[in-house]
Amino acid sequence: MFTLAEVASLSDIQPTYRILKPWWDVFMDYLAVVMLMVAIFAGTMQLTKDQVVCLPVLQSTVNSKVQPDTAGKADFTTVETTTVQEEVSMRTVSFGSAPTVTPDILLSTATTSQYQPTESDQELKKEKKDSSGRKTNLDFQQYVFINQMCYHLALPWYSKYFPYLVLIHTIILIVSSNFWFKYPKTCSKIEHFVSILGKCFESPWTTKALSETACEDSEENKQRLTGAQSLPKYVSTSSDEGSPSASTPMITKSGFKFSADKPMIEIPSVTILDKKDGEQAKALFEKVRKFRAHVEDSDLIYKLYVGQTVIKTVKFIFILCYTANFVNTISFEHICNPKVEHLIGYTQFECTHNMAYMLKKLLISYISLICVYGFICLYTLFWLFRIPLKEYSFEKVREESSFSDIPDVKNDFAFLLHMVDQYDQLYSKRFGVFLSEVSENKLRGISLNHEWTYEKLRQHVSRNAQDKQELHLFMLSGVPDAVFDLTDLDVLKLELIPEAKITAKISQMTNLQELHLYHCPAKVEQTAFSFLRDHLRCLHVKFTDVAEIPAWVYLLKTLRELYLIGNLNSENNKMIGLESLRELRHLKILHVKSNLTKIPPNITDVAPHLTKLVIHNDGTKLVVLNSLKKMTNVAELELQNCELERIPHAIFSLSNLQELDLKSNSIRTIEEIISFQHLKRLTCLKLWHNKIVSIPSSITHIKNLESLYLSNNKLETLPAAVFSLQKLRCLDVSYNSIVVIPVEIGLLQNLQHFHITGNKVNVLPKQLFKCVKLRTLSLGQNCITSLPDKVSQLLQLTYLELKGNCLDHLPATLGQCQLLRKSGLVVEDHLFDTLSPDVKEALNQDTGIPFANGI
């Protein structure tokens, strides 16, 4: 038989799982242990004491049952008919209280009955009853044989197998209860969950976060009430984790919110979080995030638990139904008909089961336990279906703390949390801290401030091309507080910092005028926003989708320059928010790098304020341009990479246009250039990187043109009309197929920069050197065989490119170009060696280093 120690392991669950065992599961485990004890106790008694004792039913007794009137006389009549020889040869074994009668006694009794016939029958019966008992004619071995046979024939099967049935049923119930802890697909998730839950419960960050939010919550409520009165109605006054204002739909859709609550309230730390604790807490946030994504996608644990509860309930009903029917079958008395009359001489025996009383009591106890077990199963089913256990809300936790962004969870994750609540709701409350992004951001902020001190940030400050102090922060978890102590900073660049927050301390940075937000939907506090609104002049915003643009950008009324880089051609384009640009009364420069198919009307709403509009379209064809007519004050217009095939007619209405850049389009002809005569102020025309094959003579109508860029086209000739532009100071026709430089180039007396690199020119006309104001002359990658001596007439020349030609020497007169230096002379090494030493010395004056081979 099983021992208690062997079967107890079936219900042995790891101590760490106790938090997932509600009271009913624990109680059912105890009931299962009691039922095991009943089975073991009953089984042990059956192995040691279980037996039946049988006595033969004499024929007279059988007859007495049929003829009750003569029952009293049958016993002694049977005894009297027995011969003396049979009495001598057989031993009478008495049972119960009857004494054993020897053959001598039987013989004397029989003799007495023969020689005293005068006594009354009543006295004889009494004497024989008292002295001899009931004769059965069976010996001990025959009784043992009958007992064994009647144990199997007469005793009901339930009396014999009751302990084993109890044991089997109990094992099935135990396995059903603990199956979800053992099944691999659920066991792995449960082990992971219990491990994370324990670490979250004991983490120092949990205690710190919960203790501090209680203090912050009361302060935030006061600040919200006061802050909401000082902002416009379309500025969200929600906290970082609160809901955005309904009047800013873009924020609602994107999930990025503009917080203009209050300056940061410094709250004394209740606990000190060292670096090690901080790293462990950050690891927990990551584990919780991954575990949630892994568990929320299925409800296998829930289904398994429901299934095992249903199985236990069905098992209870089954056990109760058949057990109740067998209660009455357990009794002391049983009639046995072994059919061995030829061996013994008796056909019927009456048996008694010596374990009947104990088994009946154990069975009643077992039924009582099963009933209690079943009622608990029914309660469990009621609990499982009373509320949706595949949904879990942290609403109560959100109300009690400032972490109002704790998300509701579902499926197996929700079910596990419901189970934990049955153990202790404090576990779920502390676990919810690690589901909050606000909590994670606070932790990151603490770690970030430990790592990025003022001294470290100062080392990362550099000078940019405009000689301004610049700080570039890349891929941090937030903006360190020490950044706002750099009061002399001019430019701040924040890139890939999704949780960036600009606090009130930015008001210390009085020199800050330029801010870059690259994939960084920064949130600002109220005081910080007020400072940026009054001091910020230039803002660069790079985004993936327009919804990521912070809403407060459109409220910076003193902003002068705005650079938007990202996808504007999306569904969110309808909510682009650029209609708010009309509030930017001082905006002068708008730079949009996107993939627009048309210029949004919202952009042209700010046209009266703009002086420069730049659209880089990344190869997407810009079709609708009529809205450009509204931009009457635009002085600079750039439409780059917009797949334009002709010069848009809308441009000719921009009477104040001074510079037009149509770089990287698909323009083939520029016959519309005659209409530029209406643009009296146009001084710079850039048509580079197109497919232009010729320049029309009507270009002469642009009399005020000073710069003409036609590089990277398909030009083969330069018409004389180009050289009639007397005010032309810069002419760039590089990388075309030009063979000859017309002699009319000498007419451009104001020409200062001439670029014809990458063409097929083989001869330089002497008239070129009449352009005495030339400062830059790019002649590289052509077929030029010689450089005329008249190059010495270019006294203002500072840059001369000759590399990639067929020259074999340089003229000695090159030394007369007084402003030309070696750094501005781009030639092959061997050509430079052909110059005389004095010319080399003159060209090296700017470096003061003796000449060496190579440039």
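Which helix gives the most to the nonpolar patch? H2 does, with 4 residues.

## Basis of the model

The model is predicted, so that local features need pLDDT of at least 70 and side-chain atom pairs count only at pLDDT 80 or more, whereas totals for chains, interfaces and linings use all residues. Residues are numbered from 1 along each chain as its sequence is written, and side-chain values use heavy atoms, with hydrogens and water left out.

## Surface patch

The nonpolar patch on the surface consists of Trp23, Val26, Phe27, Tyr30, Val372, Tyr379 and Phe382, which together have about 690 Å² of accessible area. At least two of its residues come from each of helix H2 (23–49) and helix H16 (356–386). Tryptophan 23, found in helix H2, counts as partly exposed because its relative accessibility is 45%, the class between buried (under 20%) and exposed (over 50%), with a 1.4 Å probe and protein chains only.

## Aromatic pairs

Among the 18 aromatic pairs, phenylalanine 162 and tyrosine 366 have ring centres 6.3 Å apart and planes at 75 degrees, so the pair is edge-to-face. Rings of Phe, Tyr and Trp (its six-membered ring) pair if their centres lie within 6.5 Å, with planes under 30 degrees apart counted as stacked, over 60 as edge-to-face and the rest as tilted. Phenylalanine 162 belongs to helix H9 (residues 157–182) and tyrosine 366 to helix H16, 204 residues apart, and both residues are buried. Ring pairs also link Trp23, Trp24, Tyr379 and Trp383 into a cluster.

Key
Patches are made of residues with over 30% relative accessible area and no salt bridge: like charges are joined within 9 Å, nonpolar side chains (Val, Leu, Ile, Met, Phe, Trp, Tyr) within 5 Å. Accessible areas come from the Shrake-Rupley method with a 1.4 Å probe; for residues, only the protein chains shown count as cover. A salt bridge is a side-chain nitrogen of Lys or Arg within 4 Å of a carboxyl oxygen of Asp or Glu.
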